[in-house]
Each structure stands twice: as C-alpha cells, then as structure tokens.
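Subject: Structure handover

Hello,

Here is the structure for you to look through.

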Amino acid sequence: MLTEINFDGIIGPSHNYAGLSRGNIASANNAGDVSQPRAAALQGIEKMRHNLALGLPQGFFMPLNRPDAPWLETLSTSIDAAEPHLRAQAWSASSMWAANAATVSPAPDSGDGKCHLTVANLVTMPHRSHEWQGTLAQLRLAFANPAFAVHGPVPAPFGDEGAANHMRLCAGHGSPGVEIFVYGVGGGRFPARQHLDASKAIARKHRLDPARTLFIQQSDVAIQGGAFHNDVVAVANERVLFTHETAFEDRVGAHAQIRAAFPEVEIVEVPASAVSLPEAIQSYLFNAQLVSLPEDGGMGLVLPTEARAIEPVWRWLEAHVAGNGPIRRLLPVDVRQSMANGGGPACLRLRVVAEPAAIDPRFMADPATLDRIAEVVAAYWPEAIAPGDLASAALVRDVRRARAALLHALDLGELE
C-alpha cells in the first residue's frame with residue numbers, strides 16, 4: 001500500500017554557522033555564531049521520534065562527507081590552503097535539509113507507474129552545489145527497487161532546489177495528484193533559486209501528465225523578503241494548500257489555475273493583515289510538515305516552537321484550529337539549531353509516497369534505530385564549532401571519524 005514517508009536528513013557533525021545562504025535571513029543573522037552539532041543532531045532525532053509516535057512512517061538520510069576535499073581540489077586548493085570562504089563552503093552541513101535533496105513524483109502521477117526522483121543540482125549556492133553526487137549515491141541505494149526511477153540532476157545553469165519548490169495535491173497520497181512546480185524570476189538583491197526550465201525538465205523526465213502539472217511563479221516580494229524557497233510561504237498536503245497571501249506573483253491567477261486543475265482543493269490562506277511576511281518567515285509558519293494523521297485524525301501541523309513566540313502567528317493558528325479548518329492539531333517541535341541556520345521542520349525532510357517494503361530498510365527509522373543513531377551522535381558529534389575551528393586539522397579528523405562511526409553503526413559502509 002502506498003503511503004507518505006518523510007525522510008529526514010541527519011544533521012551532520014560539521015554543522016556550523018557560516019552564513020553562506022544568500023537570501024536566507026536566519027542564516028545571515030547568525031553567521032559567525034558558535035554552533036552545537038551534537039545538540040542539533042539530537043534535536044533532529046527527537047523530531048523523527050515525535051513523528052513516529054504520531055504513527056507516521058519515517059526514514060532518514062546520512063550526512064555527507066565533510067569537509068569536501070575533492071571539491072576543493074577542483075578549485076586547485078586544499079582544506080589547509082583554501083581561502084576562508086571556500087573552506088567554509090567545503091565544510092557545509094547543508095545536506096541536512098533533505099527537502100532540497102530531490103524532487104519526487106509518486107507512481108500514480110507518472111506515465112510509467114514508477115516513483116521518480118530527480119536529485120537537485122543546487123547550483124545557485126556554491127556551498128550546496130557539490131551535494132548532489134553524495135545525495136544521488138544515497139538515493140540510488142535507498143530506492144534501488146524497480147518501483148523507483150532515480151535520475152541525475154538537471155544540468156547547470158538551470159537552478160533546481162528540489163522539493164522545497166514543489167507541491168502535490170491529491171485526494172489521498174496513493175491517488176493520482178496534481179503537481180505544482182513553483183519557480184522564481186531573478187532581478188532583486190536575492191537570487192531566484194528555482195528556474196522554470198529546470199522545473200519543466202523534471203516534469204518531462206517524470207512523465208507527468210501536462211493537464212495535471214502546473215508551473216506557478218513565486219512572488220518576488222516573498223523572495224526579496226527572505227522566502228528563498230516556496231516552502232517558506234506555502235505547503236500542501238492531500239487536498240489542502242496552506243499558503244501566505246504573498247506566496248505567488250499572480251495570486252488570483254495561481255489560485256484559479258490550481259482550482260481548475262484540482263477542484264477539490266481547499267486553499268487555506270493566511271492574510272498579510274493577520275500575519276505579516278516578516279512574521280511568517282521569522283516563525284517558519286509555512287516551513288512546517290502538514291501531515292495526515294492516522295485513524296482519521298485529520299491533519300496536523302508539525303511546526304517549530306518559534307511559532308508560539310510570535311503572537312500574531314499563534315493567535316491565527318489557534319483561531320484556525322478552534323474553527324472548522326482542516327488543520328486540527330498544532331504539533332510544535334524543537335529544531336532551534338536548524339532554525340538558526342535557516343531551516344525549519346519542512347526543510348529537514350523529503351516526502352516520498354511509496355510502499356515502505358520497497359525501500360532499503362537501512363534507511364527506515366524505528367525507535368531502536370533512532371536510539372542507535374543517538375548513541376553515535378552523543379559519543380562522536382562535536383559539542384560546539386566556532387568559525388575559527390574550520391581551520392583545525394583535529395576537527396577534520398573528528399568530524400570524519402564521527403560520520404564513519406554512524407555509517408558503520410547502520411551498516412552503510414557503501415557510502416564511505
């Protein structure tokens with residue numbers, strides 16, 4: 001039976017605050033701070049425990065090998081000799097945000113009946129542009145079953161940042177859906193990261209029905225306000241689109257397109273008069289996991305604890321839940337270390353609709369596996385990393401040893 005599985009990126013031992021993500025306000029604001037990789041990874045593990053306890057299937061991806069010495073070699077430098085900005089880009093743990101790992105089209109949507117995954121190229125940001133090779137290796141291992149088709153990236157210069165700019169509406173996760181690709185158009189101080197040509201290439205590669213595939217422009221106001229990905233201002237689940245008023249460039253036209261393609265849609269729009277765009281971005285209200293709870297439990301919103309601290313956000317949410325809206329439960333989780341680097345609960349996960357039995361079990365979570373991961377993290381992950389530590393040979397050794405210990409514990413030596 002097809003079901004939605006969330007695959008979270010395990011936060012890697014090189015997690016640090018270098019402020020590398022242009023247009024990401026939280027990342028910029030915390031640049032140069034001391035990070036806490038161990039606490040960050042344990043927070044991510046607790047989020048996975050939380051979702052398992054809700055009855056939701058859960059998977060995970062491994063941290064990539066960092067610092068990335070082979071990437072620095074292509075720039076004719078090394079970890080020791082690299083300029084500080086290049087060294088920081090080689091150290092980045094940003095693959096933790098699995099929403100940028102790939103774009104996923106479930107089997108009911110594709111012309112060949114396979115679940116398609118296209119790894120994101122992430123070419124807009126140098127620190128992320130060298131992720132796709134390691135991510136692709138994991139996707140090919142986790143989804144090796146013939147039920148899946150795993151594709152390499154769209155070529156540069158067509159920027160693709162994965163599922164963070166992709167939504168799906170459907171009657172149920174196992175039913176045919178309407179896929180929505182949200183793209184940006186550049187021109188402001190912050191770059192538009194998702195290109196229309198990349199989105200169209202992925203739709204063709206996934207053999208999607210053009211009548212059930214939409215391409216909608218993200219609002220430049222949102223991009224320039226700090227919504228560097230669409231999932232900072234909109235999220236969809238089954239028949240519900242939860243969105244901020246400023247999410248789309250042509251709001252009226254976008255809503256009309258969506259309703260025409262999927263008449264059953266329920267658009268839950270938060271007006272800017274109730275929650276401003278800066279408040280939505282600061283709280284990551286929309287960078288939440290909108291999930292279908294088991295046993296007819298309705299929909300729940302797994303959102304960061306920061307949302308409770310911003311009064312207009314929490315007021316709107318409580319009013320919605322008290323009414324007859326589709327979101328029935330508010331489920332805050334603590335992912336403060338990820339939030340400080342610019343990624344909320346939705347950034348940390350990739351949604352895959354599939355049969356769990358078709359997935360390599362080494363990538364599937366249960367309480368015992370999460371206990372094993374937490375033990376490795378507690379034993380090997382650095383407690384803190386300051387910006388100056390990135391030049392430390394000892395830290396290089398410790399971070400690589402930590403990742404190797406996790407791969408060994410989970411019998412994933414192929415990824416070394």
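Start with asparagine 237, which sits in strand S9 (residues 234–237). Keep in mind throughout that this is a predicted model. Asparagine 237 has 0% relative accessibility, so it counts as buried. Leaving out residues up to four places away in sequence, asparagine 237 touches Glu4, Arg168, His173, Leu290, Val291, Ser292, Met299 and Arg351. Look at histidine 173 in that list. Its side chain makes a polar contact of 3.4 Å with the side chain of asparagine 237.

Most residues other than glycine have a negative phi, and most peptide bonds are trans. Glutamate 238 is buried, at 16% relative accessible area.

Other backbone points

Aspartate 411 also has a positive phi without being a glycine, at about 55 degrees. Aspartate 411 belongs to the segment after helix H14 (393–409). With a relative accessible area of 53%, aspartate 411 is exposed.

There are cis peptide bonds to check too. One joins arginine 66 and proline 67, with omega about 0 degrees. Proline 67 is in the loop between strand S2 (58–61) and helix H3 (69–74). Another joins alanine 156 and proline 157, with omega about 10 degrees. Proline 157 is in the loop between strand S5 (148–151) and S6.

The core

Which residues touch the most other members of the largest nonpolar core? They are Phe143, Leu241 and Val352, in a core of 86 residues. Helix H13 (residues 367–380) contributes the most to this core, with five residues. A second, separate core has 21 residues, among them Leu290, Met299, Ala307 and Trp314. In soluble globular proteins, nonpolar side chains tend to be buried together.

Apart from neighbours within four places in sequence, valine 352 is in contact with Thr3, Glu4, Ile5, Phe7, Val104, Cys115, Leu117, Phe143 and Phe148. Phe143 is itself one of the residues that touch the most other members of the core.

Salt bridges

How many salt bridges does a search of the whole structure find? The count is 17. Side chains of opposite charge can pair when their charged atoms come close. Here are some of the pairs.

Lysine 47 bridges to aspartate 8, with the closest N and O atoms 2.7 Å apart. Lysine 47 is in helix H2 (residues 37–53) and aspartate 8 is in strand S1 (residues 3–9), so this pair ties together parts 39 residues apart in sequence. Lysine 47 and aspartate 8 are both buried.

Arginine 251 and glutamate 269 form another salt bridge, at 2.7 Å from N to O. This one links helix H8 (residues 251–261) to strand S11 (residues 266–270), with the two residues 18 apart. Arginine 251 is partly exposed, at 31% relative accessible area. Glutamate 269 is also partly exposed, at 22%.

Glutamate 306 pairs with arginine 336, and there the closest N and O atoms are 3.7 Å apart. Glutamate 306 is in helix H10 (residues 306–309) and arginine 336 in helix H12 (residues 336–340), 30 residues apart. Their C-alpha atoms are separated by 8.1 Å. Glutamate 306 is buried at 17% relative accessibility, while arginine 336 is partly exposed at 46%. There is also a network of salt bridges with shared partners, joining Glu46, Arg49 and Asp371.

Setting aside neighbours within four places in sequence, arginine 336 is in contact with Gln43, Thr305 and Glu306. A polar contact of 3.4 Å joins its side chain to that of threonine 305.

Helix H8

Which residues of H8 are buried? They are Ala254, His255, Ile258 and Ala261. Viewed down the axis of H8, they fall within an arc of 135 degrees, so they line one face of the helix. The face turned away from that buried side carries the exposed residues Val252 and Ala260. Covering the buried residues are, among others, strands S6 (166–170), S7 (177–183), S8 (213–217), S10 (240–244) and S11.

Best wishes

Technical notes: Residues are numbered from 1 along each chain as its sequence is written. This is a predicted model: local features need pLDDT of at least 70, side-chain atom pairs count only at pLDDT 80 or more; totals for chains, interfaces and linings use all residues. Side-chain values use heavy atoms; hydrogens and water are left out. A nonpolar core is a set of buried Ala, Val, Leu, Ile, Met, Phe, Trp, Tyr and Cys residues joined through side-chain atoms within 4.5 Å. Buried means under 20% relative accessible area, exposed over 50%, partly exposed in between (1.4 Å probe, protein chains only). Helices (H or I, at least four residues) and strands (E, at least two) are DSSP runs, numbered from the N terminus. Contact means heavy atoms within 4.5 Å. A polar contact is a pair of N or O atoms within 3.5 Å; within protein, one must be able to donate a hydrogen and the other to accept it, and residues adjacent in sequence count only if both atoms are side-chain atoms. A salt bridge is a side-chain nitrogen of Lys or Arg within 4 Å of a carboxyl oxygen of Asp or Glu. The arc is that of the directions from the helix axis to the C-beta atoms.
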